Amino acid sequence: MRILITGAAGMIGRKLAERLSKDGHLGGQEISALTLTDIVAPIAPQGISATLDTSDIATPGEAARLVATRPNVIFHTAGIVSGEAESDFDKGYRVNLDGSRLLLEAIRQIPGYRPRFVFTSSIAAFGTPYPDAINDEFITAPL
């Protein structure tokens, strides 16, 4: 199974890559290729070979380049959190909206290609302090 993680240098992407590396499989299938991409250099997790990519998916052509290898699963964790997106509205639109749109469009342009696409959101909706595990009863109290 080939996996692509966007936003791989961020908290969610990094923790996801570490977990996939630890498990070595997803959905009962062995991970054969792991590509980690972010606008800043991601760090390879221990225990698995990973392709590291530094790029901006909101730049035309970058998303198409990333999906050209046809990953089976794409974890889209790239994004600008609310405080930064609110202070720089254009940057928030460019990264959060345009980057996602370009990634989905790149997938759509490959005939017959239907990867599992997982879009994540930020834990910032909960507000600090964070417990080790967030259950259904944890109150959302964003800062």
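Q: How many residues apart are Arg19 and Asp23 in helix α1?
A: In this predicted model, both Arg19 and Asp23 sit in helix α1. They also form a salt bridge, with their closest N and O atoms 3.0 Å apart.

Q: Is Asp23 buried, partly exposed or exposed?
A: Its relative accessibility comes to 32%. Buried would take under 20% and exposed over 50%, so Asp23 counts as partly exposed.

Q: Which strand holds Asp53, the salt-bridge partner of Arg65?
A: Arg65 and Asp53 pair up with their closest N and O atoms 2.9 Å apart. This pair links distant parts of the chain, 12 residues apart. Arg65 belongs to helix α2 (residues 62-67), while Asp53 belongs to strand β5.

Q: Which residue joins Asp53 and Arg65 in one network of salt bridges?
A: Looking over the whole structure turns up six salt bridges. One of them pairs Lys91 with Glu84 at 2.5 Å, N to O. Salt bridges that share partners build a network out of Asp53, Arg65 and Glu62.

Q: Which element gives the most residues to the largest nonpolar core?
A: This core has 13 residues, and Ile3, Leu20 and Phe75 are among those that touch the most other members. At least two residues each come from β1, β4, β6 and α1. The top contributor, with three residues, is α1.

Q: How many residues make up the second, separate core?
A: Leu4, Ile57, Ala63 and Tyr113 are included in this second core.

Technical notes: Residues numbered from 1 in each chain as written. Predicted model: local features only at pLDDT ≥ 70, side-chain atom pairs only at ≥ 80, totals over all residues. Heavy atoms only, no water. Core = buried A, V, L, I, M, F, W, Y, C linked by side-chain atoms within 4.5 Å. Buried < 20%, exposed > 50% of the residue type's maximum accessible area, 1.4 Å probe, protein only. Helix = DSSP H or I, 4+ residues; strand = E, 2+ residues; numbered from the N terminus. Salt bridge = Lys/Arg side-chain N within 4 Å of Asp/Glu carboxyl O.
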